[in-house]
Amino acid sequence: MKTNERVEWQKLTKHYLQIKDLHLRTLFGKNPDRAAQMSLEHAGLFLDYSKNRVVEETLRLLFELARGIELEAEIERLFSGKRINQTENRSVLHMVLRNPPDKPYLVDGVDLMPEVNRVLVKMEQLARRISSGQWLGFTGKPIKNIVNIGIGGSDLGPVMVYEALKAYSNRNLVLRYISNIDATHLAEQLIDLEPDETLFLIASKTFTTQETMTNASSAKAWLLKRLGDESATGRHFIAISTNAEKVAAFGIEPENMLIFWDWVGGRYSLTSAIGFSLMIALGVENFHRLRAGFHRMDQHFRQSPLDVNMPVILGLLGVWYNNFFDAQSYAVLPYDQYLSRFPAYLQQCDMESNGKSVDRDGNRVGYQTGPIVWGEPGTNGQHAFYQLLHQGTKLVPCDFIGFAKPVNAIGIHHEILMANFVAQQKALAFGKSLQELKSENVADNLLPYRTFEGNRPSNTILAEKLTPESLGSLIALYEHKIFVQGIIWNIFSFDQWGVELGKQLAGNILPVLCGEQELAAGQDSSTHALITYLLKFH
């Protein structure tokens, strides 16, 4: 049965028509305890969801929908290793990667932790050798520069976490990331590095990803041009892959290869060997603190009843706006500069997971699925797009993320930052009425422009401080929220077939642009014109 044909969905549709015009001013006015009743604290995070356009009945009906779809059973299927990624016939077990090393994780009677622990131990040994200066390059110099080459999940997660936890990093090491096939990314990241002090981490599950392997080959050429000996490769490259044959062909020794598994999806892989750059830069202990934060949220999600379950609540509220208020996007607004890459990370995690138009039964869905995710750190965003959030014609639910204590305490910077954090949510929710403006003697001709209707929903997510643990909990919160929404929409969240067609077509066009083939007849006129233009300057 399609989700929007369920009786629970029909009840929500009727309920929406009854309350859609209720204002948050009214809801807070009628219930002074609303904030206390719509907030909870788990896994080091505090969630206030009171500034949402919902009443008690809304939440009851949303939980009724979740139970009707058997969300609790689906959560257990995820954690127990059932092959829920059915189009690829795979389990989805990124939670194993952050399980405590001494705690078994059984799937079909087999404990996966010994294998995970073996990789973790190897990562720890290599990371300590590199960060301590014991790993020497080809000329005998210690490594000072770490360059991670990957794309998608092999890049976005590690980049985001490195930026988020830079205050905890080893500042004696330079850490760079290369992902784009545009040669500019490679050139600019290598321009000031010395090759005999540089170690490359090549992150590709198959070791065939076009962008990653092209960048890796160019990095190898850059290195060998300076060092002049093919054997230097072994001292300056580590592979993170599952394809031992391809890794060996590249010139990387087996002892310098870290593996991961087909039950680890790319966008959920940063606590696997894909996060090796983080273990080097942040240190072994901080990497494990990050894993511990993930695990705390995993346990909360798996064990908590739906009505006090943070990922479930956020997921259901997202469905409420996406499918009933027709909100096309939501904004993630971290009030911490260290989280500048967090919205970009969530774009992949959410939009690649739930950007689907076919349900789990193979039928085209009859409702909206994954939203557009976007955002910037506060307060920069306030001077960019908040005008649209406050007075634009589009409804954009917002998640505000903040911390009670700063990582860098300088003057009253943090107090100003958090004053804005609180004020923006208040302004979005309650606005400023015509009567208030008149009482301030605002000129009549300016009243329409100075009125803020408010009633713009938001969630507040707070932690004491940005630490490896709180960041792990925050990332896992969104991972599980995305899973909840995929189940509600009855779609497969853990495949990404939509990225394949463009790759295939690019493979046909590339030989033409390289001059190896003639431009084939039968192309559409636009494609033909674009290729012809490019060839004119080749």
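Q: Which elements each supply at least two residues of the lining of the largest cavity?
A: This is a predicted model. In it, α14 (310–324), β10 (329–334), β12 (398–403), β13 (458–463) and α20 (468–488) each give at least two residues to that lining.

Q: Which of them gives the largest share?
A: α14, with five residues.

Q: What volume does the largest cavity have, and which residues lie nearest its centre?
A: The volume is about 180 Å³. The lining has 19 residues, and Gly318, Tyr321, Tyr330, Pro397 and Lys481 lie nearest the centre.

Q: How does that lining divide by class?
A: Ten residues are nonpolar, seven are polar and two are charged.

Q: How many cavities of 30 Å³ or more are there in the whole structure?
A: A search finds four.

Q: What lines the second largest cavity?
A: Ile84, Arg360, Phe483, Ile487, Ile491, Phe492, Ser493 and Phe494. By class that is six nonpolar, one polar and one charged.

Q: OK, pockets. What is the volume of the largest pocket?
A: About 1100 Å³. Its lining has 39 residues, with Thr209, Gln496, Val499, Glu500 and Lys503 nearest the centre. The elements that contribute two or more residues to this lining are α9 (210–227), α15 (342–354) and α21 (500–513).

Q: Switching to sheets. What is the strand order in the open sheet of five strands?
A: The order is β6-β5-β7-β8-β9, and the pairing is parallel. At the edges are β6 (174–178) and β9 (257–258), each of which pairs on one side only.

Q: How many bridges join β5 to β6?
A: Five, with β5 covering residues 145–149 and the two strands running parallel. Within that pair, Ile149 of the sheet stands opposite Ile178 in β6.

Q: Which helix packs on the sheet by touching β5, β6 and β7?
A: Helix α8 (residues 183–190) does, and its direction makes about 170° with that of β6. Another helix to look at is α9, which lies across β5, β6, β7 and β8 (237–240) and runs at about 160° to β7.

Q: Back to β10. Is that strand covered or open?
A: Mostly covered: six of its six residues are buried. Ser329, Ala331 and Leu333 point one way, while Tyr330, Val332 and Pro334 point the other way.

Q: What does β10 pair with in the parallel sense over three bridges?
A: Strand β11, residues 372–374. Tyr330 has Val373 as its bridge partner in β11, and Tyr330 is also one of the residues nearest the centre of the largest cavity.

Q: What is Ile372 in contact with, leaving aside neighbours within four places in sequence?
A: Gln328, Ser329, Tyr330 and Met351. As for Gln347, which is 25 residues from Ile372 along the chain, the C-alpha atoms of the two are separated by 7.5 Å.

Q: Which residues have a positive phi without being a glycine?
A: Asp108 is one, with phi about 55°. Phe207 is another, at about 60°. Most residues other than glycine have a negative phi, and most peptide bonds are trans.

Methods
Residues numbered from 1 in each chain as written. Predicted model: local features only at pLDDT ≥ 70, side-chain atom pairs only at ≥ 80, totals over all residues. Heavy atoms only, no water. 1 Å grid on protein atoms, 1.4 Å probe; cavity = no way out; pocket = protein on both sides within 12 Å on 5 of 7 lines; lining within 4 Å. Points joined across faces, edges and corners; volume = space filled by probe spheres on them. Helix = DSSP H or I, 4+ residues; strand = E, 2+ residues; numbered from the N terminus. Nonpolar A, V, L, I, M, F, W, Y, C, P; charged D, E, K, R; others polar. Pairing = 2+ DSSP bridges. Contact = heavy atoms within 4.5 Å. Axes fitted to C-alpha atoms, helices over the stretch in contact; angles between N-to-C directions. Buried < 20%, exposed > 50% of the residue type's maximum accessible area, 1.4 Å probe, protein only.
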